[in-house]
Each structure stands twice: as C-alpha cells, then as structure tokens.
Amino acid sequence: MDVMLLTVPDCPNLPLIEERLTEALSGRPEIHVSRHVVTDHSQAQELGMHGSPTILVNGRDPFAEPGQPAGLSCRLYRHAGGVSGAPSVAQLRAALAGEAGDDT
C-alpha cells in the first residue's frame, strides 16, 4: 500500500496529521508513508492535492468530495467531533482498511 502525505510549506496542520497518522499506522509496519511539500498549483493538480494536508492512499484521496478542485489552501476535515485540520484516527484507519480491501 502506498500512502503519500501532501502539504504546503509550513502547513499549520502538519503536526496534527502526523500525530494522527502515526497512531492510525500503529501495528502496520508494512505501510510506508512518503511526504511531499507542494509549492505550486500545477504540482497540486498533478498530484491530486485537494488542500493541505492531503493524504493519498494508493494514489487516491479517500476524503475528497466529488468535484473538489485541486488546490493549496488549508483543508478542513469533518468528523464526529466537529471539524479539524486532519482526519480523525478512526477515519484514517477506515481509509487504510478500505484501500487494503479489508472493509469499507
């Protein structure tokens, strides 16, 4: 499984998403995360970045809404606790399980 974390330079939500991703990947040493800093709109479009931070699982953004354009702006994620700058640990685990073919 390929997991890629895309952020803009100095993304204020990077520490939060790194913390949650580390927790979601606990016990999954086979998953390696690559990290990329995206600096321009064309690069965001090419990579499929829908705001910072974006997580791609096997090249797909499991949190993108239909029709959501590529961009470099700050991204917000909705979850049971409200809205924050990163998906919840539960959402990350579900996205990873779904892409692994375990369950959606």
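User: Happy to start inside the fold: which residues does Val33 touch, not counting residues up to four places away in sequence?

Analyst: Good place to begin, and do keep in mind that this is a predicted model, where local features need pLDDT of at least 70, side-chain atom pairs count only at pLDDT 80 or more, and totals for chains, interfaces and linings use all residues. Residues are numbered from 1 along each chain as its sequence is written, and side-chain values use heavy atoms, with hydrogens and water left out. Contact here means heavy atoms within 4.5 Å. With residues up to four places away in sequence set aside, Val33 touches Val3, Leu5, Leu21 and Leu25.

User: Is Ser34 buried or exposed?

Analyst: Ser34 sits in strand E2. Leaving aside neighbours within four places in sequence, Ser34 is in contact with Val3, Met4 and Leu5. Its relative accessible area is 19%, so Ser34 is buried.

User: How far apart are the closest N and O atoms of Glu18 and Arg35?

Analyst: Side chains of opposite charge can pair when their charged atoms come close. A salt bridge is a side-chain nitrogen of Lys or Arg within 4 Å of a carboxyl oxygen of Asp or Glu, and the whole structure has three of them. Glu18 forms one with Arg35, the closest N and O atoms being 2.8 Å apart.

User: Where in the chain does the salt bridge between Arg75 and Asp61 lie?

Analyst: The closest N and O atoms of Arg75 and Asp61 are 2.7 Å apart. The pair links distant parts of the chain, 14 residues apart. Arg75 is in the loop between strand E5 (71–74) and strand E6 (77–79), and Asp61 is in the loop between strand E4 (54–57) and E5.

User: Which residues line the largest pocket?

Analyst: On a 1 Å grid over the protein atoms alone, a pocket is an open set of points with protein on both sides within 12 Å along at least five of seven lines, and lining residues have an atom within 4 Å of a point. The lining divides into four nonpolar, two polar and three charged residues. Its members are Phe63, Glu65, Gln68, Arg75, Leu76, Tyr77, Arg78, Val83 and Gln91.

User: Which residues does the cis peptide bond join?

Analyst: Most residues other than glycine have a negative phi, and most peptide bonds are trans. Pro53 lies in the loop between strand E3 (50–52) and E4. With omega about 5°, the cis bond joins Ser52 and Pro53.

User: What is the phi of Asp10 near?

Analyst: Asp10 is in the loop between E1 and H1. At 80% relative accessibility, Asp10 counts as exposed. Its phi is positive, in a residue other than glycine, and is near 60°.

Note on methods: Helices (H or I, at least four residues) and strands (E, at least two) are DSSP runs, numbered from the N terminus. On a 1 Å grid over the protein atoms alone, a cavity is a set of points where a 1.4 Å probe fits but cannot get out, and a pocket is an open set with protein on both sides within 12 Å along at least five of seven lines; lining residues have an atom within 4 Å of a point. Ala, Val, Leu, Ile, Met, Phe, Trp, Tyr, Cys and Pro count as nonpolar, Asp, Glu, Lys and Arg as charged, and the others, Gly among them, as polar. Buried means under 20% relative accessible area, exposed over 50%, partly exposed in between (1.4 Å probe, protein chains only).
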